[in-house]
Amino acid sequence: MTTRRSSASPFQLPQWAIRLARSQHSLFLSKESRMRFVIALASTNVTRGTGGPFGAAVFERTGWRLIAVGVNLVESTRCSHAHAEMVALANAQQTVGRFDLGAANFPAHELVTSCEPCAMCYGAIPWSGIRSVLCGARASDAEAIGFDEGAKPKNWVAELKSRRITVTRDLCRKEATAVLQEYQQRGGAVYGARWG
Ligand SMILES: [Zn+2]
């Protein structure tokens, strides 16, 4: 992974995540390998106590090289935006040096997330320039342990497709959901959008 401009990222990753990202030199050719990598990020975020049970990463689609990682950092950064997907997107944009990951004449990028995006992260995807999304656990799996996924359109997959962003769901869903359940068993903090 290149680290160019990463110091300008608005989200500071835990040291273990920086080390893990820098040690990834092989390509992530299969969808499962990309998903298992972000599930490992989510799991390690739980076991290290550095944030919520969510991991994400951005890959370049031409060679399936890892560009940037993200984990949930809401508590440590005191920032409600710091969901794993937002952290991964921000770090990817800093790494490539462009706010648009889908800019013409540049490689396309994929967002891989251990749990499907909440309303906020769903909204951020078209602005990021991402061309495809892989999701592990469902929103209902996160809601089952108390997280609030927000007011996302029911047809969100079709909405993204209409913008030529493909979505694959339920990839390694069981493994991704196990991380959510482990977080709950450890008594991890649960937070979400405000209702009133
Ligand atoms: Zn989110």
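Which residues do ring pairs link into a cluster? Select Phe28, Phe37 and Phe59: ring pairs join these three. Keep in mind throughout that this is a predicted model.

**Stop 1: the aromatic pairs**

Six aromatic pairs turn up in a search of the whole structure. Start with phenylalanine 37 and phenylalanine 59. Now colour the elements they belong to. Phenylalanine 37 sits in helix α2 (residues 31-47) and phenylalanine 59 in strand β1 (residues 55-60), so this pair ties together parts that are 22 residues apart in sequence.

Next, select phenylalanine 54 and phenylalanine 147. The ring centres are 5.0 Å apart and the planes stand at 75°, so this pair is edge-to-face. It links distant parts of the chain, 93 residues apart. Phenylalanine 54 is in the loop between α2 and β1, and phenylalanine 147 is in the loop between α6 (139-144) and α7 (156-162). Both residues are buried.

**Stop 2: charges over rings**

Show arginine 34 and tryptophan 64. Arginine 34 lies over the face of tryptophan 64, at 3.6 Å from the ring centre. Stay on tryptophan 64 for a moment. This residue is in the loop between β1 and β2. Tryptophan 64 counts as buried, with 18% relative accessibility. Check its backbone as well: phi is positive, about 55°, although tryptophan 64 is not a glycine. Most residues other than glycine have a negative phi.

Then go to arginine 98 and phenylalanine 106. The charged end of arginine 98 sits over the ring of phenylalanine 106, 3.6 Å from its centre.

**Stop 3: the sheet**

Switch to a cartoon view. In what order do the five strands of the open sheet run? The order is β2-β1-β3-β4-β5, and the pairing is mixed. Look at the edges. β2 (65-71) and β5 (166-168) each have a single partner strand, so one side of each is left without a neighbour in the sheet. On average, neighbouring strands here are turned by 15° against each other, direction ignored.

Zoom in on β3 (residues 109-115) and β4 (residues 132-137). These two strands pair in the parallel sense over five bridges. Pick leucine 111: its bridge partner in β4 is valine 133.

**Stop 4: valine 133**

Select valine 133, in strand β4. This residue is buried, with a relative accessible area of 1%. What does valine 133 contact, leaving aside its neighbours within four places in sequence? Show Glu110, Leu111, Thr113, Ile125, Ile165, Thr166, Val167 and Thr168 to see these contacts. Now draw a C-alpha to C-alpha distance from valine 133 to histidine 109. The two are 24 residues apart in sequence and 9.1 Å apart in space.

**Stop 5: helix α4**

Colour helix α4 (residues 84-96). The helix lies across β1, β2 and β3, running at about 140° to β2. Select glutamine 93, which is in this helix. Glutamine 93 counts as buried, at 17% relative accessibility. Beyond residues up to four places away in sequence, glutamine 93 touches Arg98, Phe99, Leu101 and Ser128. Arg98 is the arginine from Stop 2, with its charged end over phenylalanine 106.

**Stop 6: the zinc ion**

Which atoms coordinate the zinc ion? They are ND1 of His83, SG of Cys118 and SG of Cys121, at 2.1 to 2.3 Å. Along the chain, these donors follow the spacing H-x34-C-x2-C. Histidine 83 and cysteine 118 are 35 residues apart and link distant parts of the chain. Histidine 83 is in the loop between α3 (74-77) and α4, whereas cysteine 118 is in the loop between β3 and α5 (119-128). Cysteine 118 counts as buried, at 6% relative accessibility.

**Last stop: cysteine 172**

Finish at cysteine 172, in the loop between β5 and α8 (173-185). Phi is near 50° here, a positive value in a residue other than glycine. Is cysteine 172 buried or exposed? Cysteine 172 counts as buried, at 13% relative accessibility.

Key
Residues are numbered from 1 along each chain as its sequence is written. This is a predicted model: local features need pLDDT of at least 70, side-chain atom pairs count only at pLDDT 80 or more; totals for chains, interfaces and linings use all residues. Side-chain values use heavy atoms; hydrogens and water are left out. Rings of Phe, Tyr and Trp (its six-membered ring) pair if their centres lie within 6.5 Å; planes under 30 degrees apart count as stacked, over 60 as edge-to-face and the rest as tilted. Helices (H or I, at least four residues) and strands (E, at least two) are DSSP runs, numbered from the N terminus. Buried means under 20% relative accessible area, exposed over 50%, partly exposed in between (1.4 Å probe, protein chains only). A charge sits over a ring if NZ of Lys or CZ of Arg is within 6 Å of the ring centre and within 35 degrees of the ring normal. Two strands pair if DSSP finds at least two bridges between them. Axes are lines fitted to C-alpha atoms, for helices over the stretch in contact, and angles run from 0 to 180 degrees between N-to-C directions. Contact means heavy atoms within 4.5 Å. Donors are N, O and S atoms within 2.8 Å of the metal (3.2 Å for Na, K and Ca); water is not among the atoms, so sites may look incomplete.
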